[in-house]
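Good morning, everyone. Please look at the model on the screen while I talk you through it.

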Amino acid sequence: MVNPEEFIEEKIEEIADEVGEKNAVIGLSGGVDSSTAAALAYEAIGDQLTAVYVDTGLMRKGETDEIRETFDYMDSLRIVDAKHRFLEELEGETDPEEKRHIIGEQFIREFETVAREVDADYLVQGTIYPDRIESEGTIKSHHNVGGLPERIDFDGIVEPMRDLYKDEVREVARALDLEEIISERMPFPGPGLAVRIIGEVTEEKLEVAREANHVVEEELEEYEPWQALAAVIGKATGVKGDNRVHGWVVAVRSVESRDGMTARAQELDWDTLQRMQSRITGAHENVARVVYDVTHKPPATIEYE
Amino acid sequence: MTHIVVIDNHGQFTHLEQRALRDMGVDVELLDNDTPPEEIDADGIVLSGGPDMDDIGNCPDYLDLDVPVLGICLGMQLIADQLGGRVGGGEYGGYADVTVEILDDEDPLIGSLAPETRVWASHADEVKEVPEGFARTATSDVCGVEAMSDTERNLFGVQWHPEVAHTEEGEAVFENFLAVCDQQSAPRQ
């Protein structure tokens with residue numbers, strides 16, 4: 001395990017040396033990796049760093065406000081409202097890989113605009129060790145702005161956490177006094193709720209996914225899951241108030257893990273499961289049923305797409 | 001310090017093998033499986049898992065380097081395949097939680113885990129017959145050969161993943177392998 005205090009001291013010095021008097025940008029997703037990288041870089045170079053948070057419209061309930069509050073101390077924080085542009089690009093697309101690709105592309109476009117505006121010379125990224133390994137293979141590309149260096153000729157890319165694992169990043173985040181809301185934050189995928197919606201991303205499904213994720217996170221807090229989520233996975237028949245409904249099926253998933261590489265579906269008690277079911281079906285007339293996913297990883301992955 | 005190389009057969013968990021050893025204070029190096037065997041100078045070799053028996057690079061040559069080898073998942077299957085054993089599809093895939101029964105409590109690699117151990121696995125194929133010189137050292141309800149050892153040549157294999165967090169006694173497997181490596185390299189030092 002890394003020694004967080006020594007690590008922080010060393011990296012702050014390294015970043016300051018590397019960037020010097022120039023400008024840097026970092027994409028802030030709200031996740032623990034990019035937040036920790038941003039905090040480290042900000043300690044090193046202050047307002048020479050512009051942190052960019054893109055509100056894709058695919059975020060969890062209240063996420064954008066939390067970010068605004070947590071990173072309020074950075075004068076240079078930019079929040080880009082890009083909801084409509086993302087939803088427009090995603091319209092009609094049902095293929096999971098294509099969805100990821102569209103989101104990645106749009107991210108780059110949004111980010112590129114800001115990077116040019118602030119005349120950024122360096123790109124800071126929250127890449128961690130498993131990201132590099134997985135990107136070298138063909139499993140998936142991790143960083144939403146991973147294609148950015150091909151568009152903008154940066155002087156350099158700074159990845160202070162490239163040798164760390166997720167649990168070590170959390171140690172560093174704690175040592176940096178990042179609020180618990182960040183250091184203990186559940187992993188959330190770059191493409192956001194889009195990968196928790198099977199098929200086309202629509203406003204209607206997004207609304208269901210956002211509210212259901214909120215219920216799940218709230219109800220499962222006491223189980224301290226490594227990750228808990230809800231996904232809109234299809235349609236099925238239900239009956240509500242003597243009317244037949246053909247409504248959404250929401251899958252609830254809650255896992256414990258150290259590093260996300262393997263995961264165990266959590267054993268939840270019946271009352272908790274029923275409470276989630278009741279809150280989700282009760283508040284949304286277009287949800288017909290709620291199911292709980294009992295599959296470990298492997299054979300399933302944690303996210304649905 | 002003991003120097004171990006981890007050979008990457010493109011498995012998802014390969015970097016966790018490196019991490020498990022690093023966290024134990026071992027001098028560990030991750031190498032591609034096309035590294036020429038003559039460039040490997042190590043006290044022990046770990047062959048990682050991976051998706052494809054046709055993509056094992058120079059792994060067969062590493063078995064002749066006269067240093068202890070630990071094959072994990074595909075890494076074990078390739079040892080069996082190369083040395084005259086047999087690998088085939090399992091009737092029942094082994095995923096996630098598996099309870100493994102240890103058959104030889106004196107085995108240097110996994111004997112200390114006897115009588116049984118809870119592991120995490122991810123495989124469709126399995127070793128059907130161990131090669132000559134090997135003993136089957138563990139088994140489970142879903143897979144006949146969960147581990148095998150050749151203590152003459154110090155070649156070992158486990159079908160499960162000792163490197164993942166959900167395997168209960170994964171560290172012990174690496175510690176036992178290190179002890180074998182240290183013992184074999186001792187006279188040279």
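Predicted model: local features only at pLDDT ≥ 70, side-chain atom pairs only at ≥ 80, totals over all residues.

Residues are numbered from 1 along each chain as its sequence is written, while chains are lettered from A and ligands numbered from 1 in the order in which they are written.

Let's start with the contact. Chain A gives 16 residues and chain B gives 15 residues. Two residues are in contact if their C-beta atoms, placed from the backbone, lie within 7 Å. On the side of chain A that touches chain B, the largest share, 3 residues, comes from helix H6, residues 129–136. Helices (H or I, at least four residues) and strands (E, at least two) are DSSP runs, numbered from the N terminus. That side of chain A has 9 nonpolar, 4 polar and 3 charged residues. Nonpolar covers Ala, Val, Leu, Ile, Met, Phe, Trp, Tyr, Cys and Pro; charged covers Asp, Glu, Lys and Arg; the others, Gly among them, are polar.

Next, helices in chain A. How are helix H1 and helix H7 of chain A packed? H1 (residues 4–19) and H7 (residues 166–175) meet at an angle of about 80°, with their axes 9 Å apart. Axes are lines fitted to C-alpha atoms, for helices over the stretch in contact, and angles run from 0 to 180 degrees between N-to-C directions. H1(A) and H7(A) are therefore roughly perpendicular. Angles under 35 degrees count as roughly parallel, over 145 as roughly antiparallel, 65 to 115 as roughly perpendicular and the rest as oblique. H1(A) touches with Pro4(A), Glu5(A), Phe7(A) and Ile8(A), and H7(A) with Glu171(A), Val172(A) and Ala175(A). By class, that contact has 5 nonpolar, no polar and 2 charged residues.

Now helix H5 of chain A, residues 96–117. Its buried residues include Ile103(A), Phe107(A) and Phe111(A). A residue is buried if 20 or more other C-beta atoms lie within 10 Å of its own, exposed if 12 or fewer, and partly exposed in between; C-beta atoms are placed from the backbone. The buried residues of H5(A) pack against strands S1, S2 and S3 and helix H4 of chain A. After H5(A) comes Asp119(A), with a positive phi near 60°.

Over to chain B. There, 9 strands form an open sheet with mixed pairing, in the order S2-S1-S3-S4-S9-S8-S7-S5-S6. Two strands pair if DSSP finds at least two bridges between them. S2 and S6 of chain B are the edge strands, each pairing on one side only. The twist averages 20° from one strand to the next.

Which way do S5 and S6 of chain B pair? They pair in the antiparallel sense, over 12 bridges. Arg86(B) has Glu129(B) as its bridge partner in S6(B), and Gly89(B) stands opposite Asp125(B).

Finish at S9(B). It runs parallel to S4(B), joined by 4 bridges. S8(B) and S9(B) run antiparallel, also with 4 bridges. These two form a hairpin with 4 residues between them, and Asn154(B) in the turn has a positive phi of about 55°. In a regular strand the side chains alternate between the two faces of the sheet. In S9(B), Leu155(B) and Gly157(B) point one way, Phe156(B) and Val158(B) the other way, and all are buried.

Definitions and conventions. Expected span 1.5 Å × (residues − 1).
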